[in-house]
Amino acid sequence: MTYVPHTEAERKEMLAQIGVQQIEDLFQTVPEAYRFPHIELPKPLSELELMAELREMSEENTDLQHAACFLGAGAYYHFVPSVVNHVISRSEFYTAYTPYQPEVSQGTLQSIFEYQTMICALTGMDVSNASHYDGATAMAEAVIMSLSVARGRRKKVVMSPTIHPEYRETVRTYTRGMGVTIVGDESLSNDLGALANMVDDETACLIVQNPDFLGRILDLKGLADIVHAHRALFVVCCDPISLGMLRPPGGYDADIAIGEGQSLGNPLSFGGPYLGFFACKKEYVHRTAGRLVGQTVDVRGNIGYVLTLSTREQHIRRERATSNICTNQGLNALAAAVYLAALGKCGLSKVARLCYHKAHHAARLIARLDRYEVRLAEPFFKEFVVRCPMPVEELNATLLDDYGIIGGFDLGRVYPDMANHMLLCVTEMNTAQEIEALVEALEEIAA
Amino acid sequence: MSEPIIYELSSPGRCAVSLPDLDVPESELPPASLLREDLDLPEVAEVDLIRHYVNLSRMNYGVDVGMYPLGSCTMKYNPKVNEDAARLPGFTAIHPYQPEKSVQGCLQLMYELQEFLKKLSGFDAVSLQPAAGAQGELTGVLMMRAYHQARGDFQRTVILIPDSAHGTNPASTTMSGYEMVELKSDRRGNVDLEDLKAHLGNNVAGMMLTNPNTLGLFDENLLEITRLVHEAGGLMYGDGANFNALMGVAKPAELGFDIMHFNLHKTFSTPHGGGGPGAGPVGATKALADFLPGPIVVAEECLFDTVTGERWEDVKDALGEEEGWDEEIEETLCRKGLWYRLEMPARSIGRVKSFYGHFGVMVKAYAYIRMLGAEGLKEASLAAVLNANYLQSILKKVYPLPYDRICMHEFVLEGRIEGAEGIRALDISKRLIDYGFHPPTNYFPLIVREALMIEPTETESKRTLDAFAQALIRIAQEARENPQLLHDAPTKTPVGRLDEVRAARNPVLRWQRQG
């Protein structure tokens, strides 16, 4: 199957119109020695065979419909209402390009405008863009924007050690050529006070994650004042589901709020595609990266929507653009918008509270077990740290093999001081029975 | 036709989703200072929500609605089976941090896709992590930088980019800390060799080249260009946006490219989603493979229990250290197979995003490659070039074709009509909408006046191509006879031409309640 609709007769007519004998004649400019090489690929499959093969391959995986999942750490198993998939399966949405021709793209444009509105409401910020690739790249773009706001005169970035480790790595990759010094995440002992002390007049921004990578809800009140006293920007990375109940970054004067939007209606899909949301105060709008949709009117006076402020972007500004981003995560942002609209005010608040109470219930039960330790002192949202009596990898293997449970994230992988510490995540997807089964399994494994 | 903003459909207390009751005891909430006071999200019923989005979708034009000849975007048909494949629960309900043994299917698919892309391009290694073409470019330039610096060469600070390049090339260069120098094109649409030679030196880290370029032309001096750049110690980066002309036609690595990104959402038929998600895997030659971002998937041969299918190593561990396992017993109980795992390339530039790339998009590209096979992919490229040349041969009689030679998968006309001097490319594009077609890319590449960049792709039939050509011919007539028709276009759309100046001057970027 090639999806090429031409018949042999049509091909001949077309070649005659062009004035060549055969289709190969169109490739004379390709150096002859390298023209039409042999390509070794498996034999083509029919649609029926393909689906059989892929179904089999997909069943090699242990999917979360067949295992209880207590794994989070930046990607979360949340409920996705049926409406989400039905909307994003409308091919008028998914087979469209970036809405450069607004007259035939009002569907995409208005839905992004609504997405921007909902992200602003959720984060408490003034302006949201149309999305980034994921939370990690949204953070990297926030750093680059902070450097740009400081007009290149500030080269220091203070980053909390309890930001997702992969986000910190991504920030480092993105800023490799920018001569930036990144401090703060060398040691887990750098708490908010220590980080605030590192902010000085050379600092472009301070970044923290809330709830942090260890699940803790941070009290960030007052931190913005310290950062702003040095004329640096305050960047907060947050879990959008937590914003169903927690004070949003705008509520403690953050300048930029970013985060991973996967939880909003997007499946886990082994790590992507997800979306990064990005929102900021309006005074920085001209320095944002990515696409923005704005409202305007047409020649007949009707309200309509267009991509706007594009003089920031690569296709106009080229080497002076705020970022190289072009394609972003349109369809994932649409899924996020449908999710937020479907759950709405009450629904999102309820999801957040289900996560909170279930996670706390699980934490209390595990804390009672011999040989396990749970840090219950600090407030947390849906994730918490458990100290285990054995290496986490070993524990997880037994949980999966003998109990059909996907255990938590092995913190020893990313923090050398935290060997045998597991980050457990509980969401609305976990029933009371699943939580009990987990607790029993942990008890038996340690016995 | 207009649709209210979703907030305007809202009434307090409504919710379109039912959620389970809490089945565990409640816990004390954090102090009120940590909690939010209100949450201004819409409150709508499911039926109103669905109608809202269905109405919005009807104000959109997609490939499933009609021909979408947007140059350099490869808006080919998106096969439906790909969508079903990516939605298999064994692919969607998989957490990226699950234990290796529970994600062997995902890893296998990624490994095989890496292999397919290597076979098609001639590169020695591929990383699937980059999220889109632009991120692939940034990856590539950062790799060049890491490569030179690893050799102790810190003097190279310049990347050469032809004036026909996509805007992402210069933007990616700046982001990576390099300076870009623009190269002129010659009269045949190739890179100007003299200009290239004048700029080559030991300060050049490399060159970014789109080939076929954005004029749709295969550079006639390509081998000379790659030779010259290499001779000067530079590296060649290939912008693979136009790889749809090259499948089974030529392998970029054999032509002298050191690094290249693929656009899975262009060449390999995954849908554009109204602006993403895409995927921009990057391929590299042996000398650069270690610098790829990661993790990538590697495979190693090992033994599997023939009965349970489990890795023999694990079974043996579970059985405990018993005497008497010899090779003969293993041979009868086991079969050989591949075990897949994630690995960071040795001198990686680091990760460019979280996790491993856009897996859901990879499934679609994998499905496409498996259904077409090597011959089918070549036929797709051949037909893409056939379609472009067919349209070019008809339309060049009506619109100026500044670079008049056999094109590859796309071509660029000037949107100027003799006898209708007030007409611009934009007017022609907007009038095409009234004829039921999506416009071509406008005003790009920058080296063509009033550019109309047309990429029909291989999935359009002759009948559709003829109708499209007829529409453009008729528009040229209208331009001379009744230009107002073009100035007023489009008239059959939900909105007419929009005031973009007003949008930018007084940005309204979110809906706000009146009063």
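Two residues are taken to be in contact if their C-beta atoms, placed from the backbone, lie within 7 Å. On that basis, residues 24 or more positions apart account for 72% of the contacts in chain A with a separation of 6 or more. The model is predicted, and its scores are ipTM 0.98 and pTM 0.98. For chain B, the average pLDDT is 96, and 98% of the residues score at least 70.

Chain A contains 13 helices and 15 strands. Its C-alpha trace spans about 80 × 55 × 50 Å along the principal axes, and 60% of the 447 residues in chain A are buried. The chain is divided into domain 1, which is formed by 68-79 + 345-446, and domain 2, which covers 82-339. The centres of these two domains of chain A, taken over C-alpha atoms, are separated by 28 Å. Where they meet, 24 residues of domain 1 of chain A are in contact with 19 residues of domain 2 of chain A. On the domain 1 side, the elements that give two or more residues are H11 and strand E12 (383-387) of chain A. H11(A) supplies the largest share of that side, 7 residues. By class, the domain 1 side divides into 16 nonpolar, 3 polar and 5 charged residues.

Helix H11 of chain A also takes part in the contact between the chains. That contact takes 172 residues from chain A and 170 residues from chain B. On the side of chain A that touches chain B, helix H11 (residues 330-367) of chain A gives the largest share, 22 residues.

Chain B is divided into four parts: domain 1 (6-57), domain 2 (117-294), domain 3 (296-343) and domain 4 (371-501). Between the centres of domain 1 of chain B and domain 4 of chain B, taken over C-alpha atoms, there are 45 Å.

Consider next a sheet in chain B. It is an open sheet of 7 strands with mixed pairing, in the order E1-E7-E6-E5-E4-E2-E3. Strand E1 (125-127) and strand E3 (179-183) of chain B stand at the edges; each has a single partner strand, so one side of each is left without a neighbour in the sheet. On average, neighbouring strands of this sheet are turned by 25 degrees against each other, direction ignored.

Which elements pack against the buried residues of H6(B)? They are helix H10 (314-317) of chain A together with helix H5 (133-150), strand E2 (158-162), E3, strand E4 (204-210) and strand E5 (235-240) of chain B. Helix H6 (residues 168-175) of chain B is itself mostly covered, with 8 of its 8 residues buried. Among them are B:Asn169, B:Pro170 and B:Met175. After H6(B) comes B:Gly177, whose phi is positive, near 90 degrees.

A further set of pairings in chain B involves strand E12 (residues 451-454), which is covered on both faces: B:Ala451 and B:Met453 on one side and B:Leu452 and B:Ile454 on the other are all buried. Strand E10 (residues 411-414) of chain B pairs with E12(B) in the antiparallel sense over 4 bridges, and the bridge partner of B:Phe411 in E12(B) is B:Ile454. Strand E11 (residues 441-442) of chain B likewise pairs with E12(B) in the antiparallel sense, over 2 bridges. In that pairing, B:Asn442 has B:Leu452 as its bridge partner in E12(B).

Finally, is A:Asn266 buried or exposed? A residue is buried if 20 or more other C-beta atoms lie within 10 Å of its own. With 29 C-beta neighbours inside 10 Å, A:Asn266 therefore counts as buried. A:Asn266 lies in the loop between strand E7 (256-260) and strand E8 (276-280) of chain A. Apart from neighbours within four places in sequence, A:Asn266 is in contact with A:Tyr274, A:Leu275, A:Asn332, A:Ala335 and A:Ala336. By C-alpha atoms, A:Asn266 and A:Cys237 are separated by 19 Å, and they are 29 residues apart along the chain.

Technical notes: Residues numbered from 1 in each chain as written. Chains lettered and ligands numbered in written order. Predicted model: local features only at pLDDT ≥ 70, side-chain atom pairs only at ≥ 80, totals over all residues. Domains from an automatic or database assignment. Buried ≥ 20, exposed ≤ 12 C-beta atoms within 10 Å, placed from the backbone. Pairing = 2+ DSSP bridges. Axes fitted to C-alpha atoms, helices over the stretch in contact; angles between N-to-C directions. pLDDT = per-residue confidence, 0-100. Nonpolar A, V, L, I, M, F, W, Y, C, P; charged D, E, K, R; others polar.
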